[in-house]
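Subject: Handing over a structure

Hello,

Here is the structure I promised to pass on to you. Please have a look at it first, and then read on for my notes.

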Amino acid sequence: QVRGLCGTFSGDQRDEFTTPEGDVEPGVAAFANAFRAAGACPALGPGIPDPCHGFPGSRERAEAACAVLMGPAFQ
């Protein structure tokens with residue numbers, strides 16, 4: 001009974017991108033745009049944007065945080 005941006009958890013990946021209208025979108029951008037409120041934010045293009053472009057300096061902070069997870073304490 002789960003659906004939406006969190007997926008259906010049915011074990012069938014073909015229906016994970018089901019829109020509120022019941023359509024199954026083949027790609028991430030079209031799926032995300034189906035949940036977009038008109039005028040609230042720009043529509044996604046065909047490619048997935050790099051999150052580091054919108055937040056300068058984030059890559060370095062993320063890599064430092066991930067280094068802890070990839071370090072010896074978690075091996």
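Helices (H or I, at least four residues) and strands (E, at least two) are DSSP runs, numbered from the N terminus. With that in hand, the chain reads α-α-α along the sequence, with three helices and zero strands.

Two points on how to read everything below. This is a predicted model, in which local features need pLDDT of at least 70 and side-chain atom pairs count only at pLDDT 80 or more, while totals for chains, interfaces and linings use all residues. Residues are numbered from 1 along each chain as its sequence is written, and side-chain values use heavy atoms, with hydrogens and water left out.

On confidence: pLDDT is the predictor's confidence in each residue, from 0 to 100. The chain has a mean pLDDT of 78, and 83% of its residues reach 70 or more. Among the elements, α3 has the highest mean (85) and helix α2 (residues 51-54) the lowest (70). Where pLDDT is low, the predicted coordinates should not be read in detail.

Now to the aromatic rings. Rings of Phe, Tyr and Trp (its six-membered ring) pair if their centres lie within 6.5 Å; planes under 30 degrees apart count as stacked, over 60 as edge-to-face and the rest as tilted. Searching the whole structure gives two aromatic pairs. Phe-17 and Phe-31 are stacked, because their ring centres are 4.9 Å apart and their planes stand at 25 degrees. This pair links distant parts of the chain: Phe-17 sits in the segment before α1 (28-34) and Phe-31 in helix α1, 14 residues apart. The other pair, Phe-31 and Phe-35, has centres 5.2 Å apart and planes at 70 degrees, so it is edge-to-face. Together, Phe-17, Phe-31 and Phe-35 form one aromatic cluster.

How covered are these rings? Here buried means under 20% relative accessible area, exposed over 50%, and partly exposed in between (1.4 Å probe, protein chains only). Phe-31 is buried at 6%, whereas Phe-17 is partly exposed at 29% and Phe-35 is partly exposed at 30%.

Leaving aside neighbours up to four places away in sequence, Thr-19 touches Glu-25, Phe-31, Ala-34 and Phe-35. On the same terms, Thr-18 is in contact with Asp-23, Val-24, Phe-31 and Phe-35. Thr-19 is buried, with a relative accessible area of 5%, and Thr-18 is buried at 18%. Across the chain, buried residues make up 12% of the 75 residues.

Val-28, in helix α1, is partly exposed at 39% relative accessible area. Val-28 and Leu-44 are 16 residues apart in sequence and 9.0 Å apart in space, C-alpha to C-alpha.

Lastly, the accessible surface of the chain comes to about 6,100 Å², with 62% of that belonging to carbon and sulfur atoms; such areas come from the Shrake-Rupley method with a 1.4 Å probe, and for residues only the protein chains shown count as cover. Phe-74, in the segment after α3 (58-70), is exposed at 55% relative accessibility.

Best wishes

Key
Contact means heavy atoms within 4.5 Å.
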